[in-house]
Structures are given as structure tokens and as C-alpha cells.
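Good morning, and thank you for coming.

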Amino acid sequence: MEKHYTDSKVKGVSTGTTILAAIFDGGVVIGSDSRASIGGEYVSSKTINKVIQVHDRIFCCMAGSLADAQAVIKSAKSHLSFHSVQMESPPLVIAAASILKELCYKNKDELQAGFLTAGWDGKKGPQVYVVSLGGMLISQQVTIGGSGSTYIYGYVDAKYKPNMTREECLQFATNALALAMGRDNVSGGVAHLVVITEKGVEHVVVPGDKLPRFNDE
């Protein structure tokens, strides 16, 4: 007999995930782990890069349904490129975040995706914005998201300080990701980090065996 499965049995690929962004003195760090999961139980990939470049100095991290997030980012890139041509100048970080917000809000009944947007522009310098699942837009100094974030709120509250140096912020982000990856069963792999400043963009990849180790591991 042929078997038919209802929609409730079909689980899409999720980004897993632990994502974060934090502002330091002169720039911003945005990063994530590299796992994707199905149904929050089965790890389907260990090599997903969730830190996506949407313009020269603007990046975003995605959480939720991988297919939804990728579709939104693809559309946002197109919108932002057209916006940049119209303005005859590099887009502002808030413009990128606003495009993501509009796409999420207009399709809130169909999409299951949220984003962190971080970057640097000549008007406001380093910035971080949160775009929630329903399309709400919030500006923050530091923010975390995804399933692994529930394990590190205390660490982030205790350790983040405004006006950190680049090295301090990079170590803070690496430690936070390592702690979440050590606790969350669907966060893990490597840590993808991007440092964005007026001078440019630097990509940092920390392999799993090079991540900080803590007493409980």
C-alpha cells in the first residue's frame, strides 16, 4: 500500500543555530556556528556558512528555515544592489536591515526566518540590527540568536562591554560561540566570524578543535 505523509510529518532544514553580533570601538563582529539540522534533532550538515555578505561592508546571519532565509537574502541582495545604483553611493546598514524587515513582514505568514544584520557605513559607523521572525526591527549594541543562544545569555550580559578593542570583541564572540556549541546539540562545527571596520572586512574561521575549552567540557 502506498504511504501518504501529512505536512506535520515533513520537517524542513533549519540553520540550527547560534548567531551573534557585537559592536566594538571602530567596528563590529558578526559570527555563527556551521551546523544545519532537520527538526531540531538530526544534524544534516556541518559546513553551512550562515554569515552572508549582502554588500561590501554589510553582512547578515540567518536563523530559522534555511530555505526561507536563503530566499529572503537572495531577494534582499537584489533590492540592495538596485538601491545602491539609485543612490550612487554605498548603501547604509539600516537600509539593508530595513529591506530584510520588509521582506519578512510582508511574508510573515509563510516565512520562518530571522536575521542579524551588522556592518559599517560612513554615516553611523558600526551598527547591529535584529530582524525578528515577524519582521520587527531593533538596533542593539550586542545581540544573539538561534537555539544555542539560550545557553549564553548570562555570559553575554556579564562579559560584553561597550568600546571593547577588536581583539577583546573577537575573543568575546569566539568564547560565546564555543559555550553555545558545547551545550546545544544542533550547534557546532566551526566558528565563522567576520570583522567589519572602516578599513575593510576580515574573515576569521576557528576550527572546532581550536575553539576555547571550558571546565564543563
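In this predicted model, strand β8 gives the largest share of the lining of the largest pocket, namely three residues. Strands here are DSSP runs of E of at least two residues, helices are runs of H or I of at least four, and both are numbered from the N terminus. A pocket is found on a 1 Å grid over the protein atoms alone, as an open set of points with protein on both sides within 12 Å along at least five of seven lines; a lining residue has an atom within 4 Å of a point.

Before I continue, two remarks on conventions. Residues are numbered from 1 along each chain as its sequence is written, and side-chain values use heavy atoms, with hydrogens and water left out. Because the model is predicted, local features need pLDDT of at least 70 and side-chain atom pairs count only at pLDDT 80 or more, whereas totals for chains, interfaces and linings use all residues.

To return to the largest pocket, its space amounts to about 210 Å³. A volume here is the space filled by probe spheres set on the grid points, which are joined across faces, edges and corners. The lining of this pocket comprises 16 residues, and those nearest its centre are Ala-63, Gly-64, Gly-114, Leu-133 and Gly-146. Two or more lining residues come from each of β7 (58-64), β8 (113-121), β9 (125-131) and β11 (142-145). What is the make-up of this lining by class? It has eight nonpolar, eight polar and no charged residues. In this scheme Ala, Val, Leu, Ile, Met, Phe, Trp, Tyr, Cys and Pro are nonpolar, Asp, Glu, Lys and Arg are charged, and the others, Gly among them, are polar.

The largest cavity holds about 30 Å³ of space. Its lining consists of Val-54, Ala-76, Lys-77, Leu-80, Ala-96, Ile-99 and Leu-100. The elements that supply two or more of these residues are α1 (66-87) and α2 (93-106). By class, six of the lining residues are nonpolar, none is polar and one is charged.

Next, an annotated position. UniProt, in an unreviewed entry, places the feature "active site" at Thr-17. UniProt positions are given in the numbering used here, feature names are shortened, and annotations may be inferred rather than shown by experiment. Thr-17 sits in the loop between β1 (13-14) and β2 (19-24). Is this residue, Thr-17, buried or exposed? Thr-17 is buried, at a relative accessible area of 1%; buried means under 20%, exposed over 50%, and partly exposed in between, with a 1.4 Å probe and protein chains only. Not counting residues up to four places away in sequence, Thr-17 touches several residues, including Asp-33, Lys-50, Gly-146 and Asp-184, where contact means heavy atoms within 4.5 Å.

Two of those partners lead to the charged pairs. Side chains of opposite charge can pair when their charged atoms come close. The structure holds four salt bridges, each defined as a side-chain nitrogen of Lys or Arg within 4 Å of a carboxyl oxygen of Asp or Glu. One of them joins Asp-33 and Lys-50, with the closest N and O atoms 2.6 Å apart. Asp-33 lies in the loop between β3 (27-32) and β4 (36-38) and Lys-50 in the loop between β5 (42-45) and β6 (51-55), so the pair ties together parts 17 residues apart in sequence. Asp-33 is buried at 0% relative accessible area, and Lys-50 is likewise buried at 0%.

Elsewhere, Arg-166, Glu-167 and Glu-202 are linked in a network of salt bridges. Between Arg-166 and Glu-167 the N to O distance is 3.6 Å, and between Glu-202 and Arg-166 the closest N and O atoms are 2.5 Å apart. The latter pair links distant parts of the chain, 36 residues apart: Glu-202 in strand β13 (residues 200-206) and Arg-166 in helix α4 (residues 166-183). Arg-166 is partly exposed at 24%, as is Glu-202 at 35%.

Finally, helix α4 also holds Leu-170, which is buried at 15% relative accessibility.

Terms used:
On a 1 Å grid over the protein atoms alone, a cavity is a set of points where a 1.4 Å probe fits but cannot get out, and a pocket is an open set with protein on both sides within 12 Å along at least five of seven lines; lining residues have an atom within 4 Å of a point.
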